[in-house]
Amino acid sequence: MRIDLHTHSTASDGTDSPAELVRNAADAGLDILALTDHDTTHGWAEARAALRDLPAKRPLTLVLGAELSCRIDDVTVHLLGYLFDPDEPQLAEARAQLRADRLRRGEQMARRCIELGADISWEQVRRIADGGAVGRPHVARALVEAGEVSSVSEAFSSQWLADHGRAWVPKHDLDPVRAIQLVRAAGGVAVLAHPAADVRGGILDDARIIQLAHAGLAGLEADHVDHTPAQRARVRRLARELDLFVTGSSDYHGSNKELPLGAELTSQDSYRAVLAAASGTETVRSTHT
Ligand code: AMP
Ligand code: ZN
Ligand code: FE
Ligand code: FE
């Protein structure tokens, strides 16, 4: 079984539309795909519809979810929520607030880039985001179009969009304990994304992760491209100690990042643990064999 539990579409900062993502996942030989756009469920309907059109020889099960933007102090925390009820009002309102602030912050980051001499515009960034939850990769692509940098990743330097970089603007984030509570109250399952990825900035220490486990966190993403072998080992040790399951995933973003679908995978046991704990939304299957 090939199970990839963390991917992005054009509903946030990926480059495949939800339908393309579903087709690409089937072509990549995945059996189970989770769609986890940043702070939104707006890709769910299109992904579901695309599943209906898949050829019978490429069965795929879709796990609907989102990656919620959280922060404790100065540490950025990404919380994967799976199979929650998208209509549960408190979680829906929290996502809407996160997206609204992404819009404000995107415009401010575009303005900073312009002040720094980049020939970009907010209209251009909005066109690139195409209605999806606005993120730094959209501003980064505008910088690529303007010839300021040669790739999206190059824009994530202190010269431009890295945390505390010259054009970086902070955004509103959720407290992760509250986010876990919201996901659970909506019938979902909460998993910490790339918890040990210090290449991205500050990370949570063991005590903080223990605190989140007590708040109802169910799993930890261990196998992620941004984790070294030692970091993966630390995540596995913590998961064992706290009785959490571990996951692995590509964190696929289409051409905004290099990793292909299925580059890292989740075990069937962990997938079963997700299903056992979820009550907000059913998984969707392409065939009913
Ligand atoms: P934001 O959520 O707007 O703060 O943007 C953060 C997102 O940018 C992350 O979730 C990644 O998808 C993406 N990102 C972060 N670092 C890089 C990088 N070096 N190259 C490409 N994308 C990145
Ligand atoms: Zn992203
Ligand atoms: Fe993330
Ligand atoms: Fe992600």
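A salt bridge is counted here when a side-chain nitrogen of Lys or Arg lies within 4 Å of a carboxyl oxygen of Asp or Glu. This is a predicted model, in which local features need pLDDT of at least 70 and side-chain atom pairs count only at pLDDT 80 or more, while totals for chains, interfaces and linings use all residues. Residues are numbered from 1 along each chain as its sequence is written, chains are lettered from A and ligands numbered from 1 in the order in which they are written, and side-chain values use heavy atoms, with hydrogens and water left out.

**Salt bridges**

Side chains of opposite charge can pair when their charged atoms come close. By the rule above, the count comes to 17 salt bridges, and the table gives three of them.

| Pair | N to O distance |
|---|---|
| D226 and R200 | 2.6 Å |
| R58 and D27 | 2.9 Å |
| R136 and D163 | 3.0 Å |

The places of these residues are described by helices (H or I, at least four residues) and strands (E, at least two), which are DSSP runs numbered from the N terminus. In the salt bridge between D226 and R200, D226 lies in the loop between strand 6 (219–223) and helix 9 (229–242) and R200 in the loop between strand 5 (189–192) and helix 8 (206–214), so the pair ties together parts that are 26 residues apart in sequence. Salt bridges with shared partners also join D206, R234, R237 and E241 into one network.

For the salt bridge of R58 with D27, R58 sits in the loop between helix 2 (44–52) and strand 3, whereas D27 belongs to helix 1 (residues 18–27), and the pair links distant parts of the chain, 31 residues apart. Accessibility is described in three classes: buried means under 20% relative accessible area, exposed over 50%, and partly exposed in between (1.4 Å probe, protein chains only). R58 counts as partly exposed because its relative accessibility is 31%, and D27 counts as exposed at 54%.

In the salt bridge between R136 and D163, R136 is in helix 5 (residues 136–145) and D163 in the loop between helix 6 (152–155) and helix 7 (176–185), 27 residues apart. R136 counts as buried at 18% relative accessibility, whereas D163, at 31%, counts as partly exposed.

**Metal sites**

Donors are N, O and S atoms within 2.8 Å of the metal (3.2 Å for Na, K and Ca), and because water is not among the atoms, sites may look incomplete. The iron ion (ligand 4) is coordinated by H6 (NE2), H8 (NE2), E67 (OE) and D251 (OD), at 2.1 to 2.3 Å. These donors follow the spacing H-x1-H-x58-E-x183-D along the chain. E67 lies in strand 3 (residues 61–72) and D251 in the loop between strand 7 (245–248) and helix 10 (268–277), so the two tie together parts that are 184 residues apart in sequence. Both E67 and D251 are buried.

The zinc ion (ligand 2) is 4.4 Å from the iron ion (ligand 4), and 5.7 Å separate this zinc ion from the iron ion (ligand 3). The protein donors of the zinc ion (ligand 2) are D13 (OD), D13 (OD), H38 (NE2) and H253 (NE2), lying 1.9 to 2.6 Å from the metal. D13, in the loop between strand 1 (3–4) and helix 1, and H253, in the loop between strand 7 and helix 10, link distant parts of the chain, 240 residues apart. D13 counts as buried at 6% relative accessibility, and H253 is buried with a relative accessible area of 3%.
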